[in-house]
Amino acid sequence: MVVRRRSTGQGVAGKFDVGPSAKPRVMSTDRQVVGLRIDEALRGEAPSEGPLDLSDLVGVWVNTDQHITARVLRMVLSERDGRLCVRAFGVGDTEPHDWGEVEATALARGVSDRRAWGFWCRFELDSITTDVAAYFNQGIVVIGSYNSFGPSSGRADYWKREFFHGENLQAPSAAREVATNGEFSYAHDRFEGGRPVRPAIDLAPLRGRWVGFTDGLTGLTSFELDGEHGSLQIRARGSGSPEPPDWGTAPARVYADDVGRQEAFAFRARYDHGYENVEIFGYLNRRVLIAELATAFTDGSGRSEYFTRTFYYCR
């Protein structure tokens, strides 16, 4: 099952410490709670009830990189009672390592859509936790994996992006039915030689105010990232008038782009707004920051859980 970590989304000590005035402003209507983002407002009729259409995602997906540089070799995405389940196979010494199967959160393109195009899930292995944010685009599945080691590890937490094409075959017969916990499946996870002290990741590449490239954004319009000693905080602002709603601050976990690197490259954070939970996954691409949001509603409004991607520059 997916394990969710709770964050209040406000009151983090540090530069972005905020008082009650910085709490998100939420406006009530007779249908639902809106006000943090324009794109979360349900316009017109509510979509039909029931699970999302998972047909674009269900199947066997194979990494375009089948070498030791891969982390996930293949994924088997299945539908069970309207729920999306993900089984992953990592690189092994002689055969793929079976990570087991977890339930994923399927995500549509918008609150009124009923067709899934993305998902997020978490694999908890003994030695590493991997959060996966994925989306379907023009026949391929793109995943970003956010990989975290324990506090006693000498490895830096890291981010990796991989691409998968569809395959009309079943999972390999050599794969075991039980997850191979406690073994590193990605070559770089081993990090031979080790470090006596966990490396402190330099936050400088992520620090600053990040602003959307275009006017009229309907999701997050901007956010600020700051912190020190490897502890990062995010302060996000939604969309709306007259001023973008301030979401307050939340802690963010920071990632390098390799276990041996010390420069920040990606982050993830979580906001719990009461009526919705928002998982934020962000990573750099040539000084452009791409933020991927997975939003799940808890208010029974009929809105679909949805996934968005937006690009930002540092002002």
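The backbone nitrogen of Gly248 lies 2.8 Å from a polar atom of the side chain of Asp246, and Asp246 itself belongs to strand β14, which covers residues 246-255. The model is predicted, so local features need pLDDT of at least 70 and side-chain atom pairs pLDDT 80 or more, while totals for chains, interfaces and linings use all residues. Residues are numbered from 1 along each chain as its sequence is written, and side-chain values use heavy atoms, without hydrogens or water.

**Surroundings of Asp246**
- Asp246 has a relative accessible area of 15% and is therefore buried (under 20%; exposed is over 50% and partly exposed in between, with a 1.4 Å probe and protein chains only).
- The side chain of Asp246 also makes a polar contact with the side chain of Arg235, at 2.6 Å (N or O atoms within 3.5 Å, one able to donate a hydrogen and the other to accept it; residues adjacent in sequence count only through two side-chain atoms).

- Strand β15 (residues 266-272) pairs with β16 in the antiparallel sense over seven bridges (pairing needs at least two DSSP bridges), and Ala269 stands opposite Ile280 in β16.
- Three residues separate β15 from β16 in their hairpin, and Gly274 in the turn has a positive phi of about 90°.
- On β17 (residues 288-297), the antiparallel pairing with β16 runs over 10 bridges, with Asn285 opposite Val288 in β17.
- The hairpin of β16 and β17 has two residues between the strands, and Arg286 takes a positive phi near 55° there.

**Thr218 and its neighbours**
- Thr218 is found in the loop between β11 (208-212) and β12, and its 36% relative accessibility makes it partly exposed.
- Although Thr218 and Ile38 are 180 residues apart in sequence, their C-alpha atoms are 4.8 Å apart in space.
- Leaving aside residues up to four places away in sequence, Thr218 touches Arg37, Ile38, Asp39 and Ser239 (heavy atoms within 4.5 Å).

Methods
Helix = DSSP H or I, 4+ residues; strand = E, 2+ residues; numbered from the N terminus.
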